[in-house]
Amino acid sequence: MSTTTADETDLVQLLTPEGVRVEHPEYEFTGSDEEIAGHLRDMVLGRRLDTEATALQRQGELGLWASLLGQEAAQVGSARALGPNDVVFPTYREHAVALCMGVDPIDLLGLFRGVDMGGWDAEATRFRLYTLVIGAQTLHACGYAMALERDGLVGNGTKAEDAAVVAYFGDGATSQGDVNEAFVFASSYNAPVVFFCQNNQWAISEPMSRQSRIPLYQRSLGFGFPGVRVDGNDVLAVRAVTERALERARNGGGPSLIEAFTYRMGAHTTSDDPSKYRLADELETWRLRDPIERVRALLRTSGSVGESFFRDLETEADDLAADLRRRCVQLQGPGLRSLFGNVYGEQTEYLAAQQQAYAEYADSFEMEAGSR
Amino acid sequence: MTTLTMAKALNAGLRRALEADPKVLLCGQDIGKLGGVFRITEGLQKDFGEHRVIDSPLAESGIVGTAVGMAMRGYRPVVEIQFDGFVFPAYDQIVSQVAKLRFRTQGRQSMPVVIRIPFGGGIGAVEHHSESPEAYFSHTPGLKVVTCSTPSDAYWMMQQSIASDDPIIFLEPKRRYHDKGEVDVDATPLPLHQATVAREGTDVTLLAYGPMVRTCLDAAAAAEEEGRSLEVVDLRTLSPIDTATVVRSVQKTGRAVVVHEAQQNLGLGAELSARITEHCFYSLEAPVLRVAGYDMPYPPSRVEDEYLPDLDRVLDAVDRSLAH
């Protein structure tokens, strides 16, 4: 099986790469044209944030950046399917999800600039911290979902109360023990968790075929819950499929797996060089399936927004990028002194002594400098 | 005051914690109907329900990883790892997630998770069932590590660990599970992270914890018959170490022998030795000596008696200390 083409019979698609809406026997996008325009906005802003962050890394302002280029529809479609109580456990690439959830994008840059390990309030935003240990967060998501159930927030039939969890991960992560254990736990306890796999075809240099001999969405069947493969570059289909899975989870129907079939258009991170392991042809094929262009085409054809919408959106995106750049270069590290207090709830005497010794040591330089 | 085995005292401590706080959950393999392979959780699922005393799938990383998620939602999970040698599949979740989450969130996210691990040898078990992994966890910032040596400590320290907002590795000396002792449920317990002098003496300080406290007390009793006065310090808390209690004792005796089952190289004995040297340099009459497991994987059980520190090896080290 080719790693970069999905069998069309098992791929849920509601918007073709050419921007034509198509019907699917099971899934339907019921949102308004305004919402479609909103999804385009989310994707454009996500891509602009990503482009700016990549540039900031190239200019030495970030230590590293993990690009989402090409995965905008998978991220925005799933994020916009979330209900008011749903909680997200991301990897380290879900920048567009973060934007949709109201995370200030500057807080995403802190981790990559090396000033913190995620500066946003995970509780308030319902967007948990990025997790760099591949797949570890899927277990946290599962435990959180089990806790929701214990809190009586699953299957009440009230949208105001019921909640579910989305665990994001990639194709490489499906080989991890933690992800498979999360599948087992979620299935065993019927936990309200949606496993959202962005299959972007590459785990750094390793193609999908190295991780799995069967389509990833079919893995779920072995664990006892449904799986579906969706065109990850089709924001309408991703939203429809994720909404269905979340509703099922919130209603007490248990976990499900979504494989968003997409493509990592950029490098794994700014440290990576994809020219060493993949062909330019493949990239070109996927460029024709761009998640943003097809929505632009749809909106232009339908005429539901005027040309000024697109112009204003470009301006908004550039403003976002400029603001991000301005704030990024000002981001300073917190200083070692302030970190000693973050290790324990009740600090140990031993660490307190180290904190004091460090402060005295550091102060001695300042006093020396002051006396000169 | 009641007389309980350590196993029953742990059970009573867990029960009291479950009663005191509805957010306390127990998770682990076989902890429900069976009550755990050592019966530490016996009867708890029956009384508190399957939603609070949770039989988990057979996956250690999953047990700890889901506990992290539950803690993020305000629960206080107490997980059971069935045996010491089976904690390693969960090592990543413990070291990279449980231990670091508070730090990674600038102090916002507490991780009140207790990870119970029956540890140590001396029960004639097959491989992977007799290990002492305390140094791995004591080395990890963000974790706290404790171990009990008496039923009374088992009862109180379990409740204190569950009440702690920091993650606790709770090591249970499995060969002492059936030792009996007095438990006063109305007493005011020692603070969790404090060592105690289990026996006073003047000639040499024995520093021990968990299963080796009993061994050292026996050694001290035997030494007394030869006119030697050994002080036994029960560390109780391995991270943080209660340095002050250790230093007070060694400044008095001038000699220290550290005793643990874990392999010697870079074990707790190394850290204790360093701290004693830093704080007691001018009081020391002899180098700090260590009686520990030899630096090999835990051996087959037919030879564990030769491998494990026992009364004779402790007294031999005492002789060497006094010979200086």
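Predicted model: local features only at pLDDT ≥ 70, side-chain atom pairs only at ≥ 80, totals over all residues.
How do strand 10 and strand 11 of chain B pair, and over how many bridges? I looked this up and got the parallel sense, over five bridges, with strand 10 at residues 204-208 and strand 11 at residues 230-234. Within that pairing, B:Leu206 has B:Val232 of strand 11 as its bridge partner.

Residues count from 1 along each chain as its sequence is written, and chains are lettered from A and ligands numbered from 1 in the order written.

Next I checked the whole sheet in chain B. Five strands make an open, mixed sheet in the order 9-11-10-13-14. Strand 9 (196-199) and strand 14 (289-293) each have a single partner strand, so one side of each lacks a neighbour in the sheet. Strands here are DSSP runs of E, at least two residues, and helices are runs of H or I, at least four, numbered from the N terminus; two strands pair if DSSP finds at least two bridges between them.

Then I turned to chain A. I count 14 helices and eight strands there. Buried residues make up 46% of its 372 residues, where buried takes 20 or more other C-beta atoms within 10 Å of the residue's own, exposed 12 or fewer, and partly exposed lies in between, with C-beta atoms placed from the backbone. The C-alpha atoms of chain A fill a box of roughly 75 × 50 × 45 Å along the principal axes.
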